[in-house]
Structures are given as C-alpha cells and as structure tokens.
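Subject: Structure handover

Hello,

Here is the structure for your files. My notes come after it.

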Amino acid sequence: MDHFIYKDGSLFAEDVPVAEIAAQVGTPFYLYSTATLVRHFRLFDEALSWGPHLVCYAMKAASNQAILRTLAQEGAGMDVVSGGEYARAIAAGVPGERIVFSGVGKTHEEIKAALTGGIRQFNVESEPEMRVISEVATSLGVVAPITVRVNPDVDAKTHAKIATGKSENKFGIPIARAREVYAEAAALPGLKVVGIDVHIGSQLTQLEPFQQAYQKVADLTEALRADGHEITRLDLGGGLGIPYARSNEAPPLPTDYGAMVKDTLGHLGCEIEIEPGRLIAGNSGIMVSKVIYVKNGEGRDFLILDGAMNDLIRPAMYEAHHEIIPVQEAEPGVELTPYDIVGPVCETGDTFAKGRLMPPLAAGDLVAFRSAGAYGAVMASEYNTRPLIPEVLVKDDQFSVIRPRPTFDEMINRDNVPEWL
Ligand code: LLP
C-alpha cells in the first residue's frame, strides 16, 4: 500500500496534487511519500517485535538525507556499503551503534572512518578484509565488532544480476568454511565476533529461499556456539520483493517474513537485524515525467518522455517492469492504446516499455512511474549531460524539494580545464 492515489481524477501524493508539484518543480522529478516510507519501516519493525531486533535500512535503495532522517526519527538503523554512505548516515543523525557496514570491498580508509566515528558491526566478506579490519582496529587501539557474511549457496530465484547467495557469486564466505574463518577471527587481535550475516539477493518474491538460508544460519549458530563463539546477533540481510505490476502474484508481506524468521531462528535467543531497502523505499516513490512528443512510427506509436534511462535505469538494466500511469486519470471506459514508451537518450536501450497499453496521451501530459523510490534516483547519471533530476518529499499537504536540479553551469563548472588549454 502506498499514498499515491487518484482523487477526483488527478494523482495525489498524500494530500498534494502531483500536477501542482510538476508545475512548480518542472519535470522529470522523483517524488517520495513520507507516510509510505514510515509505514513500510513500521511494518518490518512490528513483524520482528516478538524479540530484540534492529531494522537497518539499506540506504543504497534511496539515500537522500531527508529520507534517511525520516527513517532515523522512527528509530531505524542503517546498512551502509561505502564511506560515502557511512558519512550520509552520520550526517542524518544516525548514531554509530545503529550502523552496520556491508560490502565486499571495504577499504582501509573506510574501515578507519567507521571505527573512528562509531560502528555497530562490520559484516566481513572475506578473510583478507577481516585481517585488514583487525590491523586497523589494533592500530587505533579499539575493538571492531564483526559478523562474517556467509554464502549459503541458495538460489534466491530472482534476476541473475541481483542474486547474491549462490556459490558462484562474489559475496560472503562459503558456509562450509565458516567454522575455520570464525576460528581465525577469534584468534586475531582487535576483533570481537558478535554474530553471523547473510544476504541472498534482492527482489525475492518467495519466502522459501530465505528460509533455506536462515535454516543454514541456525545450524551454523549452534555449531559456532559449540566451538566457543558468542553469537548474539543474526543479520539476515534484505531482499524482500515488492509487486511491480498489479497483475503479478503478490510477494510475501513483512508480517509473513517476520513469522518465518521467528519459526526458523527465534529459539536461538539472538538479536535479529535485517537490511531491507526496496520494500521500504520502492513503493514510497514515483518518477514523474512529461510527454514531449507522440511520434507515429511504423506499426507503433512512441511516447517520447522527458525522463530517460539515465534518470531511471532499471528497465534498461534489468528489463524491469514499472507501472506507468497518467497523472490525469483516464475517463472510465476509454479505449487503451499500445505505446512504446521511451526517453530522449541516444540509445535504443532507452526504452521504458514496449506496447504498453495506456489511455491516449498527448504532448504535455504527465505520467508517473510507480515503484520508482528504490534504486531510482541513486542509480541516476548525467549521461547525455542531462542534469540529475530533483527529488521532492511530501508530508501530508506539504512538499519540499529535497535535492534541486543542478543548472547546466553547475554541471559544467565541476570540470577543470588544464591551464595548457
Ligand atoms: N543488504 C545487502 C548486503 C545488499 O547487498 C542489499 C542489496 C540489501 C541489503 C538491500 O536489498 P533490498 O531489500 O533492497 O532488496 N539495483 C538493483 C538492486 C540491487 C540490490 C543490491 N543489494 C535493482 O534496481 O533491482
């Protein structure tokens, strides 16, 4: 459920007409709903309320400071994967003890920054990384809390580019070798083992792969405890999917997920951490774009928008489906027309949808891409020297531009021309 709904034939974000924001901000832009963000965070928080837990929002999904602050005020922790994300979490007022640091390539500098600024735990992805964390912590005279990310070799049954839990993927340590890696961790100075981490992929639409992975984590917890390790936290990663198309089978809800976690891991008495990104941000955001031209091609009509692949890369990159709806609701009974919906970028891959049935549209009409809040703005680029599009946040009847559109001069002036030119 989200808060983008038609009222009297016009799309609203909470209590604000989307067309009014478009008139003030210009298109294209991303638009987020505070109520939806908060609702989704709370769904997870409640789903795990049967025991000690922390919901660490995976900010890679959408990392605007206003979004982070909204969630931080709800008590969210953060999952970060770079020095930049760590700095964003701190800037948004998230205390270090609520930040977990994931990612396969943490650098010496990133580790040092997190140890200096405060960190709940590093989710260690390899032995070389574990040794570097030990060295950095020792040189700073501190102890680094760690979990080891295990790779359970489970098929997440999602798009190959976002599946992470198979043995051929670059992530984590093969679960079969976990006991020897934990033995090394216990022997290294400057490290404190606090738990186990796992994340098998993104946009999972079934509980079964999660459960398979978590069962392996449960068994490993017992084996590691028998080896003398103190396992007090289980970080279960993110990955719960969202419905991108209404016709799709609905993915499990956070409540179902929470109940499954309780059944599989509840008896171990560990604190549960999860790292959802998409489910919190995905349906909390839309991308609003304007029709520039309707072009009659051979056997097809193109809807040429002012938004493009550089603004929302998911269709080009993962063949992702986003629902595209008109901001002015179609009259009931109007005949739908198939359109190829494209952007102005000079690549055929700049296609959002082919043969998509829409009510007839004309130049100047506004459309909204639903479910664009996660992995939308954060994956945008300035390809074709198109400015990064603004982000706008709505709360009840107010809205605020939380990232303005840069001017051409601002973009150009970031370049330095050497003095010899
Ligand atoms: N934790 C870790 C360690 C991750 O790698 C990810 C996502 C998450 C949590 C959050 O997963 P979520 O709850 O959002 O599924 N750009 C792709 C998605 C890439 C996901 C990468 N890792 C897309 O647009 O579909």
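Predicted model: local features only at pLDDT ≥ 70, side-chain atom pairs only at ≥ 80, totals over all residues.

Residues are numbered from 1 along each chain as its sequence is written.

Domains. The assignment gives domain 1 (4-31 + 283-412) and domain 2 (34-280); such bounds come from an automatic or database domain assignment. Their C-alpha centres lie 32 Å apart. Contact (C-beta atoms, placed from the backbone, within 7 Å) involves 21 residues of domain 1 and 20 residues of domain 2. On the side of domain 1 that touches domain 2, β20 gives the most, with 4 residues.

Ligand. The ligand is surrounded by 20 residues, the closest being Ser-202, Gly-238, Gly-277, Arg-278 and Tyr-375; near means a C-beta atom, placed from the backbone, within 6 Å. Domain 1 and domain 2 each provide at least three residues of this shell. Helices α10 (278-281) and α11 (314-318) each supply at least two. Helices (H or I, at least four residues) and strands (E, at least two) are DSSP runs, numbered from the N terminus.

Helix pair. The axes of α2 (residues 34-47) and α9 (residues 254-265) come within 8 Å and cross at roughly 25 degrees. Axes are lines fitted to C-alpha atoms, for helices over the stretch in contact, with angles from 0 to 180 degrees between N-to-C directions. α2 is therefore roughly parallel to α9 (angles under 35 degrees). Leu-43, Phe-44 and Ala-47 in α2 meet Pro-254, Thr-255, Tyr-257 and Gly-258 in α9.

Regards

Key. Parallel < 35°, antiparallel > 145°, perpendicular 65-115°, else oblique. Contact = placed C-beta atoms within 7 Å.
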